[in-house]
Amino acid sequence: VVRRALEGANREERIEVPVEHSIVIPSIVMGVSILAFITFLNDLYLWPYAHVWWDTGYFSIIVGHVTFSIPIVIVVLIVSLHEFDRSLEEAAMNLGANEWTTFFKVTLPIIKPGIVSAALLSFTFSFDELIVTLFLKGQGVETLPVVMWSTLSRKIPTPELNAASTLILGLAILFTVLASKVQKGGTLFRF
């Protein structure tokens, strides 16, 4: 996406506008849309032709969260790849490295901070996405954010909930420190 020039004057708009629009879709719209899509697949394709049924559960939650996280990852990686100097790959190939060696020894270490930042950001957004999980979880499937929300909605403070909240706060601080270390060009993720 970053390397290939598209024809026309507004090439950034053709790529970035759909990605940015998909980021601002409300969670309830995303959850209802994915649930309607699963129902559509079940009723029109999966059951009549293959005699299988896609139940809501962990797989549906994974599909929903991946769908929600893809635009976030694309935005972060586009920024990381825009800053990448293509002449470094050309130099490696001029010195005798093939495409795979160039990718693993030159390209990947340079864009690794962007990949780590995208992973941390998508995990954070996915962990916070309760509404999509509520639509797609099915019966008997409980995730930690759903359990915390149901406990808080019944106004039952428990020591486990307090401990989980403290652990999540500690992880959020750790992820923030890691992300700032990566973004400042630290040597944490460079080999």
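## Surroundings of valine 132

Apart from neighbours within four places in sequence, valine 132 is in contact with Ser27, Met30, Gly31 and Gly64. These contacts belong to a predicted model.

## Nonpolar core

Val132 and Met30 are both members of the largest nonpolar core, which has eleven residues. Two or more core residues are given by each of helix 2 (27-50), helix 3 (58-82) and helix 6 (130-136). Helix 2 supplies the largest share, four residues.

In soluble globular proteins, nonpolar side chains tend to be buried together.

## Overall architecture

The protein chain contains eight helices and zero strands, giving the pattern α-α-α-α-α-α-α-α along the sequence. Of its 191 residues, 30% are buried. Among contacts between residues at least 6 apart in sequence, 63% join residues at least 24 apart. The accessible surface of the chain is about 12,800 Å², and carbon and sulfur atoms account for 68% of it.

## Aromatic pairs

Seven aromatic pairs are present in the structure. Phenylalanine 40 and tyrosine 45 form an edge-to-face pair, because their ring centres are 5.8 Å apart and their planes lie at 75 degrees. Phenylalanine 40 is partly exposed, at 38% relative accessibility, and tyrosine 45 is also partly exposed, at 44%. Together with Tyr49, Phe40 and Tyr45 form one aromatic cluster.

Phenylalanine 103 and phenylalanine 104 make an edge-to-face pair, with 5.2 Å from centre to centre and 80 degrees between the planes. Phenylalanine 103 has a relative accessible area of 34% and is partly exposed; phenylalanine 104, at 47%, also counts as partly exposed.

Key: Residues are numbered from 1 along each chain as its sequence is written. This is a predicted model: local features need pLDDT of at least 70, side-chain atom pairs count only at pLDDT 80 or more; totals for chains, interfaces and linings use all residues. Side-chain values use heavy atoms; hydrogens and water are left out. Buried means under 20% relative accessible area, exposed over 50%, partly exposed in between (1.4 Å probe, protein chains only). Contact means heavy atoms within 4.5 Å. Accessible areas come from the Shrake-Rupley method with a 1.4 Å probe; for residues, only the protein chains shown count as cover. A nonpolar core is a set of buried Ala, Val, Leu, Ile, Met, Phe, Trp, Tyr and Cys residues joined through side-chain atoms within 4.5 Å. Rings of Phe, Tyr and Trp (its six-membered ring) pair if their centres lie within 6.5 Å; planes under 30 degrees apart count as stacked, over 60 as edge-to-face and the rest as tilted.
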